[in-house]
Amino acid sequence: MTEELIVRGAPAEYVSSVGAWDKLPEHLLRRNLKRVLVLHGSTSWKAAGHKFPDLSNFETVFVEYGGQVTYEARDALKEKIEAEQFEAIVAVGGGKVTDLAKAAAFVSCVPVLILPTLASTCAAYTPLSVMYTETGEMIQFDIFPVSNALVLLDPAIILDSPKELLVAGIGDTLAKWYEANVVIAELPEKTTAIEVAAFAARKCRDNLLELSEAALLEMERHELGTAFVKVVETNIMLAGMVGGFGDKYGRTAGAHSIHDALTLLEKSHDVLHGLKVAYGILVQLVIEEKFSEIDALLPFYKKLGLPASLAELGLSEVTETELLQVADRAAREGEMIHLMPQMVTPNVVRAAMNDLEEYRVEVKER
């Protein structure tokens, strides 16, 4: 039998429709919330803030988040929420804004309502926050026993977001299958919840491989097409269901451990989360010795511009000492990479990174 898992399948309410943001006042009234803190980003707020609904009938304070998800930022928000007696947090923005809002809402015992401006992660859907140091190194992710109160997803707003952020979201979501499958495949018995997680993970992969090119073309044309909407919901809702139903068996494994380790490198801090995860997928597959799967993915990576090497990540000048530090962090005790059935050590990770580089050269020379 598997160890006990906790199902965190969905937010309390989730709405995906054009004009969904306009309904925020109604949702606040239904919850009897009158005094709210609106936490938003900078760039995304400049792009989408004019679409935020009128909350003049509510007591509202707008706060711009500081650019990083830290415990210090969380605690500062908690102090503000308690001092000014806010009844809820409304998060408007991407994954980091959302993660900070969720963390602050939990420690403040208030609900969090989320209006995503990007489809680059499943942060809007999941009750967890990835926490970082002030310098941008990933520390851990904190899982909360309270669901997000509401997600209002307007695909038309996502349509106005940068294309490269949707590509990064595709890379992050593609990992759901590879990380969940390597763990779930080893389970002697699969509970119903894990079967749901496995189905959602496979559906993430199938949807993205089938629809991503069309979705990005629709985005370039500024068309709210079927492929685009389905990819957006795959990145946010379907991806969130994998860990939501699978718990530790569906959350992360090798790819995200590689991502987390790469955050040790200051040079990687400007590289989007999903791009580092996409690279991590390939390193994980090398560890699994699944080179045929790498062959199947490389054309897809090339078409979308996902990185398949350190150079394509913009990390070609990383030193051997730094790479050894990355390998050591990826394989340290307690990392999710150890959910893989393979014995993973720092040497295994470093060798896999090197083998991937060599394999990419071989593929190009064929």
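Biologist: How much space lies in the largest cavity?

Modeller: The model is predicted, and a search of the whole structure finds 1 cavity of 30 Å³ or more. The space in the largest cavity is about 60 Å³.

Biologist: How do the residues of the lining of the largest cavity divide into nonpolar, polar and charged?

Modeller: The lining includes Gly-93, Gly-94 and Gly-95, together with Pro-116, Leu-118 and Ile-236. Over the whole lining, the division is 6 nonpolar, 6 polar and no charged.

Biologist: Is Thr-117 buried or exposed, and what is its relative accessible area?

Modeller: Thr-117 is found in the loop between strand S5 and strand S6. A residue is called buried when its relative accessible area is under 20%. Thr-117 is therefore buried, as its relative accessible area is 4%.

Biologist: How far apart in space are Thr-117 and Gly-94, C-alpha to C-alpha?

Modeller: Along the sequence, Thr-117 and Gly-94 are 23 residues apart. In space, the distance from C-alpha to C-alpha is 5.8 Å.

Biologist: In S5, which residue is the bridge partner of Ile-89?

Modeller: S4 pairs in the parallel sense with strand S2 over 5 bridges, and there His-40 stands opposite Val-92. S4 and S5 also run parallel and are joined by 5 bridges. In S5, the bridge partner of Ile-89 is Val-112.

Biologist: Which residue takes a positive phi in the hairpin of S6 and S7?

Modeller: S6 (residues 128-132) and S7 (residues 138-143) pair in the antiparallel sense over 5 bridges. Within this pairing, Ser-129 stands opposite Asp-142. The hairpin has 5 residues between the strands, and the residue with a positive phi, near 95°, is Gly-136.

Biologist: On which residue is the kink in helix H8 centred?

Modeller: H8 has 21 residues and reaches 28 Å from its first C-alpha to its last, close to the 30 Å expected. The helix is mostly covered, with 15 of its 21 residues buried. Its kink of about 45° is centred on Thr-234.

Biologist: Why does the distance between the end C-alpha atoms of helix H11 agree with its number of residues?

Modeller: At 1.5 Å a residue, the 14 residues of H11 should span 20 Å. The distance agrees because the end C-alpha atoms of H11 are apart by 20 Å.

Biologist: Where in H11 does a kink of about 30° lie?

Modeller: Several residues of H11 are buried, among them Leu-297, Leu-298 and Phe-300. The kink lies shortly before the proline Pro-299. Its position is Leu-297.

Biologist: Which helix gives the most to the lining of the second largest pocket?

Modeller: The second largest pocket has a volume of about 200 Å³. Two elements give two or more residues to its lining, namely helix H11 (291-304) and helix H13 (346-365). Among the lining residues are Leu-298, Pro-299, Tyr-301 and Lys-302. With 4 residues, the helix that gives the most is H11.

Definitions and conventions
Residues are numbered from 1 along each chain as its sequence is written. This is a predicted model: local features need pLDDT of at least 70, side-chain atom pairs count only at pLDDT 80 or more; totals for chains, interfaces and linings use all residues. Side-chain values use heavy atoms; hydrogens and water are left out. On a 1 Å grid over the protein atoms alone, a cavity is a set of points where a 1.4 Å probe fits but cannot get out, and a pocket is an open set with protein on both sides within 12 Å along at least five of seven lines; lining residues have an atom within 4 Å of a point. Grid points are joined across faces, edges and corners, and a volume is the space filled by probe spheres set on the points. The expected span of a helix is 1.5 Å times one less than its number of residues. The bend at a residue is the angle between axes fitted to the seven residues ending there and the seven starting there. Buried means under 20% relative accessible area, exposed over 50%, partly exposed in between (1.4 Å probe, protein chains only). Two strands pair if DSSP finds at least two bridges between them. Ala, Val, Leu, Ile, Met, Phe, Trp, Tyr, Cys and Pro count as nonpolar, Asp, Glu, Lys and Arg as charged, and the others, Gly among them, as polar.
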